[in-house]
Amino acid sequence: MTPECKPECKPEWKPGWKTGWKTVTVVGAGTIGLAWAALFASHGIEVTVTDPREDLDEAVDEALPLLAAGLPGSDPDGLRGRIRTTHDLAGAVAGARLVQENGPEDLEFKRRLFADIAGHAPGDAVLATSTSGIVASRIAEGLPDAVAARLLVAHPFNPPHIVPLVEIVPGARTSEDVVEAAVAFYRSLGKVPVRLHREVPGFVANRLQSAVLREAIHLVLEGVVDAGELDTVMKASLGGRYATVGPFESFHLGGGPGGIRHMMRHLGPGLAEGWRRLGRPELDDAAVATIVARTEAAYGTGPAAYRERAALRDRKHLALNATLRATDKNDTQNT
């Protein structure tokens, strides 16, 4: 946890712009970084991708067909025309309005990287990290106030070009203007930004995912189900439910007219007792080997299997997104 910062310790941010971010730099050309780049490019943004990897251009070219398929109205050539690549970090960030960092999940690495970025990016550029668990306040330690004021977490859920969520997590010294500008920017891309009220390692979505995955691994290791069967259970029950209502609304509706009060009164004690029986699997070598073998048996392995399964995942998620948007639109018009 990080201490709260009173308003007077947050430097004022005075950008010459707040909307219309047309030059974005993506630092890190892994799966997340390339998906961000494609999403930005699909909205007409000029994107610079920088990474020290020698095969940078090949990585971009290879990823774009699958990414474009998940961005209706886009094509690989059109996206590529708005994406340039460079190994030169300083040159890549020199004109950026937003820097979206996607480097390794290593605190010291990120501290050094953002110090380098801040030394070359414009003084009003927003500095966003896609980290899946490191809070902004820790990354900003040692950075000047004027830099820390522009640094925040913008954590996507994979794949970022399709899954709507972006968790916006400001640090103790992040300017409120930066937070508001970032929320507006990601929303303009069709994302669903959710601002967290306080910093917590792992944020919200990954902590929920980790809790589910822990029990999933336990059930497979105990021989209750295999990996494919567990996924079927999830997709045919909680997965569909939570795509339409979250855990709290679902629990509230489950109580009928009595709502969550009824559920807590009748099921609360049983819930608490059930939590004590949840598994705590150890990921030793044998457990990892079992999980890997059973997952690969269900879904295959290698580049071809990945492309096939990822494309199917993306088509399903796009269909789900479209249906939910249409339903939400109809509900809004009818109220």
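## A buried ring

Phe-185 counts as buried because its relative accessibility is 6%, and buried here means under 20% relative accessible area, exposed over 50%, partly exposed in between (1.4 Å probe, protein chains only). The model is predicted: local features need pLDDT of at least 70, side-chain atom pairs need 80 or more, and totals for chains, interfaces and linings use all residues. Residues are numbered from 1 along each chain as its sequence is written, and side-chain values use heavy atoms, without hydrogens or water.

## Ring pairs

Rings of Phe, Tyr and Trp (its six-membered ring) pair if their centres lie within 6.5 Å; planes under 30 degrees apart are stacked, over 60 edge-to-face, the rest tilted. By this rule there are 5 aromatic pairs. One of them joins Trp-36 and Phe-40: the ring centres are 5.2 Å apart and the planes stand at 15°, so the pair is stacked. Both residues sit in helix 1, 4 residues apart, so about one helical turn separates them. Trp-36 is buried, at 0% relative accessible area. Phe-40 is buried too, with 0% relative accessibility.

Phe-185 pairs with Tyr-186 in another way: this pair is edge-to-face, with 5.3 Å between centres and 65° between planes. Tyr-186 is buried, at 1% relative accessibility. Which residues do the ring pairs link into a cluster? They are Trp-21, Trp-36, Phe-40, Phe-185 and Tyr-186.

## The sheet

Helices (H or I, at least four residues) and strands (E, at least two) are DSSP runs, numbered from the N terminus. Eight of these strands matter here: an open sheet of 8 strands runs in the order 3-2-1-4-5-6-7-8, with mixed pairing. Two strands pair if DSSP finds at least two bridges between them. Which strands stand at the edges? Strand 3 (83–86) and strand 8 (192–195) do; each has a single partner strand, so one side of each lacks a neighbour in the sheet. Neighbouring strands are turned by 25° against each other on average, direction ignored.

Strand 7 (residues 165–170) is mostly covered: 5 of its 6 residues are buried. Strand 7 runs antiparallel to strand 6, joined by 5 bridges. On the other pairing, strand 7 runs parallel to strand 8, with 4 bridges. Ile-168 of strand 7 has Ala-154 opposite, and its bridge partner in strand 8 is Arg-195. Glu-167 stands opposite Val-194 in strand 8.

## Helices over the strands

Contact means heavy atoms within 4.5 Å. Axes are lines fitted to C-alpha atoms (for helices, over the stretch in contact), and angles run from 0 to 180 degrees between N-to-C directions. Helix 1 (residues 31–42) lies across several strands, among them strand 1 (23–27), strand 2 (46–50) and strand 7. Helix 1 runs at about 165° to strand 1. Helix 2 (residues 56–69) lies across strand 2 and strand 3, at about 150° to strand 3.

## Asn-102

Where is Asn-102 found? It is in the loop between strand 4 and helix 5 (107–120). Asn-102 is buried, with a relative accessible area of 14%. Its side chain reaches the backbone oxygen of Gln-100 at 2.9 Å. The side chain of Asn-102 also makes a polar contact with that of Ser-130, at 2.7 Å. A polar contact is a pair of N or O atoms within 3.5 Å; within protein, one must be able to donate a hydrogen and the other to accept it, and residues adjacent in sequence count only if both atoms are side-chain atoms.

Beyond its neighbours within four places in sequence, Asn-102 is in contact with residues including Val-26, Gly-28, Ile-32 and Trp-36. Trp-36 also belongs to the ring cluster.
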